[in-house]
Amino acid sequence: MASGREPPQLLKQRLIYQGRKFNFEVSSLRLPNRVEGDWECIRHPGGALAVPVTPDGKLVLLRQYRFAIQGRILEFPAGTVEPNEDPAQTIKREIEEETGYHANKWQKLGEFPVAPGYSDEFIYAFLAQDLEKLEAPPSQDADEDMENVLMTPEQLEQAILDGEVIDAKTISSFFLARPFLK
């Protein structure tokens, strides 16, 4: 985390919901400015994301169905970090499952919070280069409904400006990767 930590004083904590991927809790806190109150938070283990680049400079995105927004969006491959797993391992597994490509060269781009007003989730972004198409990709999770979409960096930038790409983690990671793209 780039900024300094300044945790509040925990007065009381209640687990409201324990889910498969995240927990929801309500905490009574005293903030650093001495204000006290109850705050809700989604506790999430974090996600790892790849900006995959083919040898000819195209970006591999996914057009993926997302039930929460009731539609398909263009986004980079990503996945939830499993317990005791390094985010680099997470994304190496996810890129193969989701895109059918293997990356031979990896570079960490950075990390950032997704929705710091109500969640502690961080995205760990990586540049995945020197891609090879797998002959027999691993099977996708049953709930994944996606297709690969190849775009040049210029096409993706225009799609962002046109509002076709709305996924914040994809937009953020693209701009972190931009200096490394041809």
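Two strands pair if DSSP finds at least two bridges between them. The legends below refer to a predicted model.

**Figure 1. Strand 2 and strand 3 form a hairpin.** In this close-up, strand 2 (23–30) and strand 3 (36–43) are joined by 8 bridges and run antiparallel. Val26 has Glu40, a residue of strand 3, as its bridge partner. Between the two strands lie 5 residues, and Arg34 in the turn has a positive phi of about 80°.

**Figure 2. Strand 5 and strand 6 run antiparallel and are joined by 5 bridges.** Strand 5 covers residues 59–66 and strand 6 covers residues 71–75. Across this pairing, Arg63 stands opposite Leu74 in strand 6.

**Figure 3. The largest pocket has a volume of about 1,500 Å³.** It is lined by 38 residues, of which His44, Arg66, Phe67, Thr80 and Glu121 are the closest to its centre. At least two lining residues come from each of strand 5, strand 6, strand 7 (78–80), helix 1 (87–99) and helix 3 (168–177). Helix 1 gives the most to this lining, with 4 residues. By residue class, the lining of the largest pocket consists of 16 charged, 15 nonpolar and 7 polar residues.

**Figure 4. The second largest pocket has a volume of about 690 Å³.** Arg5, Pro8, Arg43, Pro116 and Asp120 are the closest to the centre of this pocket among its 26 lining residues. Strand 1 (9–18), strand 2 and strand 3 are the elements that give two or more residues to the lining. With 4 residues, strand 3 gives the most to the lining of the second largest pocket. The lining residues divide into 12 nonpolar, 7 polar and 7 charged.

**Figure 5. Gln129 is a buried residue of strand 9.** Strand 9 spans residues 122–133. The relative accessible area of Gln129 is 17%, and the limit for a buried residue is under 20%; Gln129 is therefore classed as buried. Leaving aside residues up to four places away in sequence, Gln129 touches Val53, Ala103, Asn104, Lys105 and Phe180.

**Figure 6. Phe175 is a partly exposed residue of helix 3.** Its relative accessible area is 43%. Because buried means under 20% and exposed means over 50%, with partly exposed in between, Phe175 belongs to the partly exposed class. Phe175 and Arg14 are separated by 161 residues in sequence, and their C-alpha to C-alpha separation in space is 38 Å.

How values were computed. Residues numbered from 1 in each chain as written. Predicted model: local features only at pLDDT ≥ 70, side-chain atom pairs only at ≥ 80, totals over all residues. Heavy atoms only, no water. 1 Å grid on protein atoms, 1.4 Å probe; cavity = no way out; pocket = protein on both sides within 12 Å on 5 of 7 lines; lining within 4 Å. Points joined across faces, edges and corners; volume = space filled by probe spheres on them. Nonpolar A, V, L, I, M, F, W, Y, C, P; charged D, E, K, R; others polar. Buried < 20%, exposed > 50% of the residue type's maximum accessible area, 1.4 Å probe, protein only. Contact = heavy atoms within 4.5 Å.
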